[in-house]
Amino acid sequence: MNNMKAKPQLSVSEALNEAKRKLTQLNGRSRRSEYWWTALVLGVCGWFLGFIPIVGSIITLAVSLIMIPLGVRRLHDSGHSGKWYAACMIVGFCTGAIYFYKIIPVLDKYADNAEKMIRKLGEVYADPLVICSMLASFVLGIIVLVFLCQDSKPEPNKWGVSPKYGPGDDDIEVIE
């Protein structure tokens with residue numbers, strides 16, 4: 001596609017409006033600016049509200065759920081399947097489950113003896129299952145982060161046309 005033109009980056013309000021408009025939509029594409037501005041605003045709000053007991057937990061969960069379709073669309077825009085996001089979430093959930101299954105009993109059992117607790121926690125962290133799950137979660141998280149940071153693919157893909165590139169005004173950067 002010759003003479004594809006990059007549209008200007010979305011402002012914070014434009015990004016939030018675009019994300020709100022496509023709140024439950026898993027199909028389609030979302031620009032980097034839409035994803036990262038929304039992630040920043042929701043992350044800051046979630047962080048502050050996270051200090052409120054119970055309500056904060058519910059808000060944090062809601063913020064996480066809002067980011068799922070946006071993350072999937074962002075991966076589509078960079079030319080990758082949303083299955084990467086799902087895989088990252090599943091591996092992260094399994095890592096958390098393994099971690100809490102192994103750690104909580106140690107914390108409960110040795111709460112009154114810090115020296116034994118530290119020794120037992122060292123044994124837990126040396127467990128091959130814990131090491132492998134944490135390593136898999138870390139590596140997959142880095143891969144997805146790189147995909148989320150990649151520029152939009154100018155050409156249409158199976159998830160739609162690029163929201164960033166297209167015919168535009170003369171003062172917009174031309175990509176050839």
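Is the crossing of H3 and H6 left-handed or right-handed? It is left-handed: the near helix is turned anticlockwise from the far one by less than a right angle, where clockwise would be right-handed.

Some ground rules. This is a predicted model, with local features needing pLDDT of at least 70, side-chain atom pairs counting only at pLDDT 80 or more, and totals for chains, interfaces and linings using all residues. Residues are numbered from 1 along each chain as its sequence is written, and side-chain values use heavy atoms, leaving out hydrogens and water. Helices are DSSP runs (H or I, at least four residues), numbered from the N terminus.

Now the first pair. Helix H3 covers residues 55–77, and helix H6 covers residues 128–149. Their axes come within 8 Å and cross at roughly 70°. Axes here are lines fitted to C-alpha atoms over the stretch in contact, with angles from 0 to 180 degrees between N-to-C directions. On H3, the contact (heavy atoms within 4.5 Å) uses Gly71, Arg74 and Leu75. H6 brings Val144, Phe147, Leu148 and Cys149.

Next, H4, residues 83–109. H4 packs on H6 at about 150°, axes 9 Å apart. The two are therefore roughly antiparallel, a label for angles over 145 degrees. This crossing of H4 with H6 is left-handed. Trp84, Tyr85 and Val91 are among the H4 residues in the contact. Among their H6 partners are Leu140, Val144 and Phe147.

Conventions. Angles under 35 degrees count as roughly parallel, over 145 as roughly antiparallel, 65 to 115 as roughly perpendicular and the rest as oblique.
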